[in-house]
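Hi everyone, thanks for coming.

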Amino acid sequence: MSTATKTRREAKEDPRPVKRAGHRVRAQRREAIVLVIPALLPILIFSVIPLVSGVALGFTDATLARNAEINFIGLGNFIELFGDHRFWGSFGIGIVWAGAVALLTLIAAMGLALLLNSDLRLKGLTRVLALIPWAMPPVVIAIVWRMIYNPNSGPLNGVLESFGIPGVNWLGDFSTALPAVIVVGVWAGIPQTTVLLLAGMQSISAEQHEAAAVDGAGAFRRFWHITLPGLRPIIFAVTALDFIWQFNSFGLIYVLTEGGPGGRTMIPPLFTYLEAFRNREIGYASAMGDVLVIAILLILSLYLVNQFRQTKEARS
Amino acid sequence: MKRIRGFGAVAVAGAVALALTGCQQGSSSGGSESGEGDAVTLQFQSLSDQPATQEAVKTIVDKWNADNDDVQVEIVQAGWDGTYDKLITQFAGGTAPDIIHYEASSIASFASDGYLADLTDYIDADLKSDISEGVWDSVTRDGEIIAYPSTLQSYMVFANADLLEAAGVEVPSGDTMTWEELQEIAKATTTGGNYGLGWGLASPTATMMSLALGYDGGFFDGEGTEASIEVGDAELAVPELIHEMAYTDKSIEPTSLTQSGSDVLASFYGGKVAMTVQGSYQAANIAKDAPEGFNWVALPPLEGSAGAIQAANPQTYSVNIDSEHVEESAEFLNFFMNGENLASIAYADALIPSSDSARAEVETMAADEPAWTQVLASGNGLEGPPFLKVEKYAEWKDTVATPAYQQYLADQITSEELSAQLSDGWTDING
């Protein structure tokens, strides 16, 4: 769009002297700057400066000691981090957690969105109900689920035991802790994804479905050949965002397990938090933060490049 | 164009000024600015979270405020959970209160970071001689006393007397009880779906470090950053015994090992476990919360091969080095720690007071309560543990020891692997 307006303006201004046109453009630019500054300042002060200083801390030996001397140590932290097997172990857990939550959320939310999109009775009520987990803060969700998972008095084990199945120590057992936490992550993530998918489904025209139905396509084939291709950009965006959010999530797991048992749910943000606020090595912790950002960017760029290539192929 | 630049400059300057005043507010020393007249207000962050103890602390502070118009103390109530993280942000942000309540092993890292005032010259001479050298030693760093030690916790075994009787076990009545006795009683009382012992070991390190002293397991040798670690048979004796009880005898309820102490109390009240190991302070909670007719007793202190010894890791009251009123804060603490006051706090919390006069006071207050006899008896075996002198202990505890013990208690690793994780982790951290 911007290129279109530019060419039109160029066409209009072409006969005029070049000097005057340059002057007008400059004046416009100045006006734009004045309008942008008020919006830019808060971003600069509250986002960019803290972000840059956080990144910079990663190259120092800063600690939280009183009047601590901060020295620039170059890549020292990163070299140390490279050999830190506990950090990379936690990184692996983070990938499993974020990947599993993003994928399972997508599948569950797709089902829910299809259900809400079909013409059922009480549609308005069910759509509101589906949003409830979204309205709850992560800490509250975590506390509620900790009660549900409680090995002695939780309703989950109560139901299992009434069927004669022995109860499971969900959050305390080494094999069930991570899956149990992932279930909570999915439950908390469903509404957001559902709403976005639902919006996408409603933008797909009903005529296409009708035409396909007339041609004899069943519900599954219509979903596969009409709904899914139509939703593709949304699915891609939502999954990518979910992955980033979950990889960086903190409150949910902190309240549920605090990274336990035995470090089995120690996702990278928790690990970084411990390094910063238990071990008081904020320089080293900032280096971890830098590495996490780069890692996420790398993973996502692989995904992005792949997606762009596919859409290009589809178009050509 | 000039005007625009000027506008931009003004906007930037305004924002910077705003940001700077924001910082300034943060870095004033914990709201201890003088109020009306010359009255000084001290902020006192108290962690005592049991209702009776809160009441006791409030009574003492009210008494002080009534007698001292020029130095007023304001209680800031906080809880034990997450205090370390809270304090570190408060100190780093310059908003820490004047008087800080915590415990010796965790306050050590704040002392080494230079946030705590040296109180050596302010401590009342009578109080100084009333508390044993060993306890003072636990709050001394590089020759500076950085806290007043107040009350001490020991680990005690509480038992459901009815269940013991039903299993034909006599309630032990000696001065101490060996670990073998505990193991036998636990085996005898494990019947049907019930277990002999419930032990909340979700955060196992403090318990393990303390009880290891009963087998002469000190873990650390040396002080400060020089300390070295040794995890041998003495250090592993207690975890191995718990492991044997849980997985060979099957007399410890396995779920309880992943729960907190207070979660396990529910199973104890419900008769699902016959005994439970808890901090002595739980005696106050059990007396208050146990269902009507619940027949409970406190068993004698646990004795290992080296005696009934546990770690003396007192609760502490320290003063923020950046406080404008270090002297006034210390004066208040001298008052706060006098025999009568300390006794009322210790009694409400079911903890052992550090000073002899407070201890005598508690003995008379609790003369007719049998559980208290055992609480005070367990206080005789409290010794200053080597880990209090180790600078990076808190770090090692949270990032190395706790996950390692959790894995061992869940039967995921062997005791050799536990030993290796504990010592290798220390080498990693201490560099």
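Predicted model: local features only at pLDDT ≥ 70, side-chain atom pairs only at ≥ 80, totals over all residues.

Residues are numbered from 1 along each chain as its sequence is written, and chains are lettered from A, ligands numbered from 1, in the order in which they are written.

So, where do the chains meet? 22 residues of chain A are in contact with 27 residues of chain B; contact here means C-beta atoms, placed from the backbone, within 7 Å. On chain A's side, H2 (18-57) and H13 (268-277) each bring at least two residues. H2(A) has the largest share, with five residues. By helix I mean a DSSP run of H or I, at least four residues, numbered from the N terminus.

Now look at H13(A). Eight of its 10 residues are buried, meaning 20 or more other C-beta atoms, placed from the backbone, lie within 10 Å of their own. Among them are Phe271(A), Glu275(A) and Phe277(A). What do the buried ones pack against? In chain A it's H4, H12 (251-256) and H14 (282-315), and from chain B there's H3 (83-93).

Last stop, the largest nonpolar core, with 169 residues: buried Ala, Val, Leu, Ile, Met, Phe, Trp, Tyr and Cys joined through C-beta atoms within 7 Å. Val157(B), Ile252(B), Met275(B) and Ala346(B) touch the most other members. H4 of chain A (85-117) gives the most, 11 residues.

Definitions and conventions. Contact = placed C-beta atoms within 7 Å. Buried ≥ 20, exposed ≤ 12 C-beta atoms within 10 Å, placed from the backbone.
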